[in-house]
Amino acid sequence: MLTKIKKYRDNTWDFRDANTKQYTHCFHSYPAMMIPQVAGRILDEFGKNAKVLFDPYCGTGTSLVEANIRGINGIGTDINPLARLIAKVKTTVIPIKELDVYLKDFNDFLFSIKLGVKKVSPQIPNFKNIDYWFKKDTQLMLAIIKEYIDNIDDKNIQDFFKVAFSETVREVSLTRNSEFKLYRMSEKQIEKFNPDVISVMIRKLTRNRNGMADYISIKKNVSRTFIYGFNTVYEIPENILPFESIDIVITSPPYGDSRTTVAYGQFSRLSNQWLEFEETNEVDKRSMGGFKVKVSKSFGFKPLDHALEEIAMRDKKRVFDVISFYIDYEKSINNVSKVVKKGGIVAYVVGNRKVKGVQIPNDEITREFFERNGFKHIKTIIREIPNKRMPKKNSPTNISGLSDTTMNHEYIVILQKV
Ligand SMILES: C[S@@+](CC[C@H](N)C(=O)[O-])C[C@H]1O[C@@H](n2cnc3c(N)ncnc32)[C@H](O)[C@@H]1O
């Protein structure tokens, strides 16, 4: 009997030369972003009649933008306030005429300061280590821009400016910009580093303005997106996302706990501090696996249990980080499962990482956790992550294990609720 192969490598999903920064996708970098083309193709193949897409770890909203472009409404949630801000701005249409009025006003504001016509009293924020991460001149220029942003009367335009400001903060800080974790430049580099803060900000604003224009030209007007800050491990409130209300889920969850994989909180910390978000230091703690258990656990799934035993033999403490992550991951999948309609689709884009040299099959684990919730596996597509995004060595995403060749692949796990 011929059995259909359900897990296979397909290079048509690699999108090797695709432009991943079209439309509002160019607005802000973020660790381990999803490729828009992947979300788009899943929607085209599995979301023909979908009305609502849900992304339970939406990050900067890649799948939400792709849904809106196709006239599908989006609901996203993420524990990181910076990610939520970016996702909101990327999915909120601002008429270009309106935007241009504010961009011109911003230029005029800067010009009048330069001429000494306008006096400002910028407030430099008082967060820990500000002098460690920013030169004094840079702090002053950022504070001037921040003062302008704080006085913008239109909330959507203010948020648009905040997103450009956030990337500016990172670019003019003393962090090594090629890395997502917070590492300071060497003393030698710092000496030579004198960024032109205003030019950087204007460059980001102009790029994002053009991205918005392209987005407006393609977006179907009817679709809308709502972003929330729910932690999917603990809550997806029924009054907001009713039981069996979602047609399709497209998402890329974290690969593991944020201490040892991608530190989303760390990546966002300086922006969060300048933008005065409250949960600034909580993001990594609230992330899946952030709450540490110190007990062994069997998940009743051999590939995972076997990997845990191997890791425990190599490092007794490290295994608790991994267990903590999968406890949360399973709870989160249980919660996501509830909101999907019968016949609805979930597509999880995951990577298989190594811990202490032991391969953890995230794609199999994801499939198993959904099957326990009444889903049927449709297929798992293996795509190669083009090298330009994740070089074989010293990956810019800081995902430990990524320098390994196995991590140059991503698994698109697709299931259907029966
Ligand atoms: C791989 S990123 C998503 C990237 C996104 N697809 C994009 O293209 O920007 C995973 C996201 O999960 C979020 N996250 C981690 N734990 C979470 C939880 N328990 N509930 C909701 N979001 C969570 C992180 O803050 C991070 O933004």
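1. The protein chain has 14 helices and 10 strands, counted as DSSP runs numbered from the N terminus (H or I of at least four residues for helices, E of at least two for strands). Its radius of gyration is 22 Å, close to the 22 Å from the globule rule for 418 residues, so the chain is as compact as a globular protein of that length. That radius is taken over C-alpha atoms, and the rule is 2.2 Å times the number of residues to the power 0.38.

2. A word on the basis: this is a predicted model, in which local features need pLDDT of at least 70 and side-chain atom pairs count only at pLDDT 80 or more, while totals for chains, interfaces and linings use all residues. Numbering runs from 1 along each chain as its sequence is written.

3. Of the 418 residues, 45% count as buried (20 or more other C-beta atoms within 10 Å of the residue's own, with C-beta atoms placed from the backbone). Among contacts with a separation of 6 or more, 77% join residues 24 or more positions apart; a contact means C-beta atoms, placed from the backbone, within 7 Å.

4. Now the domains, whose bounds come from an automatic or database assignment. Domain 1 covers 7-88 + 219-417 and domain 2 covers 96-217. Their contact takes 26 residues from domain 1 and 25 residues from domain 2. On the domain 1 side, helix H3 (81-91) and helix H10 (264-274) are the elements that give two or more residues, and H10 gives the most, with seven. That side divides into 14 nonpolar, eight polar and four charged residues (nonpolar: Ala, Val, Leu, Ile, Met, Phe, Trp, Tyr, Cys and Pro; charged: Asp, Glu, Lys and Arg; polar: the others, Gly among them).

5. The largest nonpolar core has 98 residues, and Leu-53, Ile-86, Val-249, Val-346 and Ala-347 touch the most other members. Such a core joins buried Ala, Val, Leu, Ile, Met, Phe, Trp, Tyr and Cys residues through C-beta atoms within 7 Å. Helix H13 (residues 318-339) supplies the largest share, 10 residues.

6. Leu-53 deserves a click: beyond its neighbours within four places in sequence, its contacts include Ile-72, Asp-247 and Ile-250. A second, separate core of nine residues includes Phe-180, Val-262, Ala-263 and Tyr-264.

7. Finally, the ligand. It is surrounded by 23 residues, the closest being Tyr-57, Gly-59, Thr-60, Thr-62 and Asn-80 (near means a C-beta atom, placed from the backbone, within 6 Å). This shell divides into 12 nonpolar, 10 polar and one charged.

Key:
A residue is buried if 20 or more other C-beta atoms lie within 10 Å of its own, exposed if 12 or fewer, and partly exposed in between; C-beta atoms are placed from the backbone. Two residues are in contact if their C-beta atoms, placed from the backbone, lie within 7 Å.
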